[in-house]
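Dear colleague,

I am passing on the structure we spoke of, followed by some notes on what turned up in it. Please read the notes with the coordinates open beside you.

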Amino acid sequence: GIALRFDSGRKSSQSALLTGLPDVERTLRGRVYANYQFTPRWGLQFSATQDLLDRGGGLILRQGLGYGLPFKLADLPMEWSAGVGLSWADRTHLKTRYGITPEQSATAGLPSYAPSAGLLDWSAGAGVSAALSSRWVLFGNLSSSRLLGDAARSPLTQDRGNTRLSLGLAYRCCN
């Protein structure tokens, strides 16, 4: 499949640590993705997202392994799922988000830092979804990720880990 999403960028006013660094502009990211089910319950996911407006967002590749277990609760079709993933980013993405040029170092008071392309993060999560109808799906997910490589070593990185809880309602079309 294909998708578009907005990347909100970063404002230097968001944190005292970013004072003296340029803002990271908002951009539009294009995404291509594929899923391969090698058993009814196990599957692989692959995606690539690219900054379509050339604002320093670069390229991010993600791959994951997922498991899904369908069940019913009060005759409501549901699925429990879990997965792990690994992400890689190009030099453009890492330089924009985690790098500090010598000029920026002079104004921000931080050491200069030039990250290379490489691993960005790993993630793990679990969730549940419920098909409310043939078109509407209610879902919830709890996930955690941790920065790796040059992103984790950046002077701009204060916390290498992140945990997210998401709840949502989705509409399926075009079947």
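Leaving aside neighbours within four places in sequence, T49 is in contact (heavy atoms within 4.5 Å) with R29, G30, R31, G58, L59 and I60. This is a predicted model, in which local features need pLDDT of at least 70 and side-chain atom pairs count only at pLDDT 80 or more, while totals for chains, interfaces and linings use all residues. Residues are numbered from 1 along each chain as its sequence is written, and side-chain values use heavy atoms, with hydrogens and water left out.

One of those partners, R29, also makes a polar contact with T49, side chain to side chain, at 3.0 Å; the term denotes a pair of N or O atoms within 3.5 Å, where, within protein, one must be able to donate a hydrogen and the other to accept it, and residues adjacent in sequence count only if both atoms are side-chain atoms. T49 lies in strand β3, which covers residues 42–51, and T49 is buried at a relative accessible area of 8%, buried being under 20% with a 1.4 Å probe and protein chains only.

As for the whole protein, it has 3 helices and 8 strands (DSSP runs, H or I of at least four residues for helices and E of at least two for strands, numbered from the N terminus), and their order along the sequence is β-β-β-β-β-α-α-β-β-α-β. Of its 175 residues, 31% are buried, and the C-alpha atoms fill a box of roughly 65 × 30 × 25 Å along the principal axes.

How values were computed: Buried means under 20% relative accessible area, exposed over 50%, partly exposed in between (1.4 Å probe, protein chains only).
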